[in-house]
Amino acid sequence: MSMATDIPTRMLEVSAASEHGALTRAMTDLAGPALGRPLRGWWACFAVAVLALAVGVIAVTYQLRTGIGTWGLNRSVGWAYDITNFVFWIGVGHAGTLISAILLLFRQRWRVGVSRAAETMTIIAIVCAAIFPVIHLGRPWLMLWVLPLPNSRGPLWVNFSSPLTWDVFAILTYFVVSLLFWYLGLLPDFASLSHAATGWRRRVFGLLSLGWNGSLRTWALYERTCLLLAGLATALVISVHSVVSFDFAASLVPGWHTTIFPPYFVVGAIFSGMAMVLALLVVMRRAMALQSYVTLQQLDAMCKIMLATSGLLGLAYLIETMTALYGNHGPDRFMLMLRMQGPLAAYYWAMIACNVLVPQLLWSGRVRRNLPLVFAIALLALAGMWLERFLIIVGSLQRDFLPSSWVDYLPTRVEVATLVGSFGLFLVCFLLFCRWLPVVSIAESRAGHRTRLRVADR
């Protein structure tokens, strides 16, 4: 009789020990980079990123001292690399909201390993995007004019009928909500790090945790606030890039004046954001030994979302083509044929290949589990999305209504260096995040370990 009663007790002891060991291992793996010293691989990546950032800083400094005449702009093309990069980085920032907000609302557990990196990518991408409209002005201090300025006759209001003003309010709203959502998710981890750290790091993490005590009431308020912010962020996924598309759709330029741009831009933004998240996670998973937390199943699910958005993007290309061919508008038909056969035709077909054809390889499960191949597909998708924005902006402006003003655009070294610098800024910020903060949520990983252990016990 005593043997029978001892067996359940021993099972509970083994289960408790297994749970404690799993939770300790999760804490060590995820908090280790933030509390220890960076590896040589991190320093090598950081050195390359700092070098790229230095190239961009030099280019922007030279442009501000000399003027935007250092760019390749001409009488037809007034927007080029600067606005292309702006739209590209805003699009990259959309996947973080999709993964963290929409998947949270649908209670998808596979988001645990990828949500933190995606949220961080969103914030950094918005910062990278905000730089380009400022330097595009040539006189950055004039950026204050987008705000209501007080004067002797009352506030000097901005032009609310301008889509560029809509950009300011939409992007600021998106940035604030994304920052709150990101910081809220870090609160439990800051508390865990404050208990594990020593010295000045313990004090800093304790202040950042805002008095988190881990009580049931605190967790209830935390989950309720996360759901509220997730609902707000989900609406912003659609609204922000739709507003960005109004910069073009609200004009009369052939190739821009179309009603398909809002959903077209949203789908493209999610596609490019997913590609960036995949590229970052594949490298981060290997460099930081996170195979137990960023699993192949999670990357497989992201590849499926990327494949679905690639199909929607191909449908948008087809609708745009059929509208131009069968519509009764000559300039739109001319612009379509110019993209297919004109001086930028190589860019157009490269865009189709990178955004529509190459992602079709993801139908194969073997390809989705081949991480080097997934990384290459993600990089090609990013290149294709940048080409898409370049073709929309520069390809439409090179040939306007007056043939006498047609001039081909050629980028300068300053513009290329600025683009390289934006990638350098993005990578520097992301690597610093990986150095000082847990790249995977400690609290959600602990909950996942508990759930798996309980299922295994049953």
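Modeller: Helices here are DSSP runs of H or I with at least four residues, strands are E runs of at least two, and both are numbered from the N terminus. The expected span of a helix is 1.5 Å times one less than its number of residues. Bear in mind that this is a predicted model: local features need pLDDT of at least 70 and side-chain atom pairs count only at pLDDT 80 or more, while totals for chains, interfaces and linings use all residues. Residues are numbered from 1 along each chain as its sequence is written, and side-chain values use heavy atoms, with hydrogens and water left out.

Colleague: OK, start with α9. How many residues has it, and how far does it reach?

Modeller: α9 covers residues 261-287, which is 27 residues. From first C-alpha to last it reaches 38 Å, close to the expected 39 Å.

Colleague: Is α9 mostly covered or mostly open?

Modeller: Mostly covered, with 23 of the 27 residues buried. Buried is under 20% relative accessible area, exposed is over 50%, and partly exposed is in between, using a 1.4 Å probe and protein chains only.

Colleague: And what comes just after α9?

Modeller: A289, which takes a positive phi of about 55 degrees.

Colleague: Switching topic: how many salt bridges are there?

Modeller: A search of the whole structure gives 6. A salt bridge here is a side-chain nitrogen of Lys or Arg within 4 Å of a carboxyl oxygen of Asp or Glu.

Colleague: Which residues are linked in a network?

Modeller: D300, K304, R368 and R369. R368 pairs with D300, with the closest N and O atoms 2.5 Å apart. That pair links distant parts of the chain, as R368 sits in α13 (365-368) and D300 in α10 (296-326), 68 residues apart. D300 also bridges to R369, at 3.4 Å between the closest N and O atoms.

Colleague: What does R339 pair with?

Modeller: E320, at 3.4 Å from N to O. R339 lies in α11 (330-341) and E320 in α10, so the bridge ties together parts 19 residues apart in sequence. Both R339 and E320 are buried.

Colleague: Now E415. Where is it, and what is the nearest side chain of opposite charge?

Modeller: E415 is in α15 (413-436). It is buried yet has no salt bridge, and the nearest side chain of opposite charge, R413, is 10 Å away. For charge, Lys and Arg count as positive and Asp and Glu as negative, with His and the chain ends not counted.

Colleague: So what does E415 touch?

Modeller: Leaving out residues up to four places away in sequence, E415 touches W71, G72, A80, Y81, Y409 and L410. Contact means heavy atoms within 4.5 Å.

Colleague: Last one: how many disulfides?

Modeller: The search finds 0, where a disulfide is a pair of cysteine sulfur atoms within 2.5 Å. For C128, the nearest cysteine sulfur is that of C429, 6.4 Å away.

Colleague: Which of those two is buried, and which partly exposed?

Modeller: C128 is buried at 1% relative accessibility, and C429 is partly exposed at 30%.
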